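I opened my notebook to get to know a new structure. Here is what I looked up, entry by entry.

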Amino acid sequence: IASYLSFTVPVIAIVFIIATLFLIYRYPWNKRISSTRSVHNSEQSSRRQAWAGLLSASSPYLLAMFLGLVVGVYFPLALLAGIGIAFLINLPDKDKGAALLSRLVTLLHGFKWPMTLTALTIIFYKDFMLEAESIQQVTRLLIDQGLPLIAIVIALPFFTGFITGNNTASLGIALPIIIPFLGPEMLSVRYFGLIYLSSYAGYFGSPVHLCTYLTNDYFKTPLFSLIKRVNVYSVIMIVVGLTMALLY
């Protein structure tokens, strides 16, 4: 595990730094205003309030992750506990019962059947792709036609991640196809790390990735524009991963 992480973690860290610099360059921070003492104190106070607000807003998520991953609570129950905490955030001093009832009504009204049906469709689509044999047949045909193996190692996991929107499903499809073509000297962290990163890059930029759909539905962005922008970082991830594989 340590050897595997020594390959993947540096790639993710490098891509994170590149993405951060790219976003800062594209959306620069406002220039700091004059650094008088009163302004400095105001900034310090605003910063503390911002951190407190962030901690409060993220507490349902943190609680669910702690209960599910650390304590080992059944994950739907951990999520239910997180939802319960969300109901209690910023309750007014008066009429707390009415406020809780209003939040419950808002939650029920906010439930979107189209989004739920889309999530179920994505799950069924992923299972269908797992059962289909067309990808295996096409891969064998391409290798028989002389396509370089490294191209398959990069392209197939990316393609399966892109069309399934599920990293686990992508690896479940790609690995059984690729492994028989790898020689004994190729069964190493270098190749398996590259397969994983390519799969993750495809999943990351997939239009059927559930997070992509939820983000697009919430912000009402053009789907093609969103996919195009996200896949810029997917390509960067593959390039960095390939460079890491050459140097590893």
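**Entry 1: Met237**

I began with Met237, which I found in helix 11. I take helices (H or I, at least four residues) and strands (E, at least two) as DSSP runs, numbered from the N terminus. The model is a predicted one, where local features need pLDDT of at least 70, side-chain atom pairs count only at pLDDT 80 or more, and totals for chains, interfaces and linings use all residues. Residues are numbered from 1 along each chain as its sequence is written, and side-chain values use heavy atoms, with hydrogens and water left out.

Is Met237 buried or exposed? Met237 is buried, because its relative accessible area is 5%; buried means under 20%, exposed over 50%, and partly exposed in between (1.4 Å probe, protein chains only).

**Entry 2: the whole chain**

I counted the elements next. The protein has 11 helices and zero strands, so from the N terminus on I simply read α-α-α-α-α-α-α-α-α-α-α. Of the 248 residues in the protein, 29% are buried.

**Entry 3: the largest pocket**

How much space lies in the largest pocket? I noted about 630 Å³. Ala19, Leu23, Phe204, Val230 and Tyr233 are the closest to its centre among the 21 residues that line the largest pocket. For my own reference, a pocket is an open set of points on a 1 Å grid over the protein atoms alone, where a 1.4 Å probe fits, with protein on both sides within 12 Å along at least five of seven lines; lining residues have an atom within 4 Å of a point. The points are joined across faces, edges and corners, and the volume is the space filled by probe spheres set on them.

Which helices supply at least two residues each of this lining? I found helix 1 (2-26), helix 9 (189-204), helix 10 (210-219) and helix 11 (223-247). Helix 1 gives the largest share, eight residues. By kind, the lining holds 15 nonpolar, four polar and two charged residues. Here Ala, Val, Leu, Ile, Met, Phe, Trp, Tyr, Cys and Pro count as nonpolar, Asp, Glu, Lys and Arg as charged, and the others, Gly among them, as polar.

**Entry 4: a nonpolar patch**

Helix 3 (75-88) and helix 4 (96-109) each supply at least two residues of the patch, with the largest share, five residues, coming from helix 4. Val105 sits in helix 4 and counts as partly exposed because its relative accessibility is 36%. Leu77 belongs to helix 3 and is partly exposed at 49%. Leu77 and Leu67 are 10 residues apart in sequence and 8.8 Å apart in space, C-alpha to C-alpha.

I stayed in helix 3 for Ala81, which is partly exposed at 27%. Ala81 and Ala64 are 17 residues apart in sequence and 6.5 Å apart in space, C-alpha to C-alpha.

**Entry 5: two loop residues**

Where is Asn90 placed? I found Asn90 in the loop between helix 3 and helix 4. Asn90 has a positive phi of about 55 degrees although it is not a glycine, and it is exposed at 68%.

Lys220 lies in the loop between helix 10 and helix 11. I noted a positive phi of about 55 degrees for Lys220, which is not a glycine. Lys220 is exposed, because its relative accessible area is 60%.
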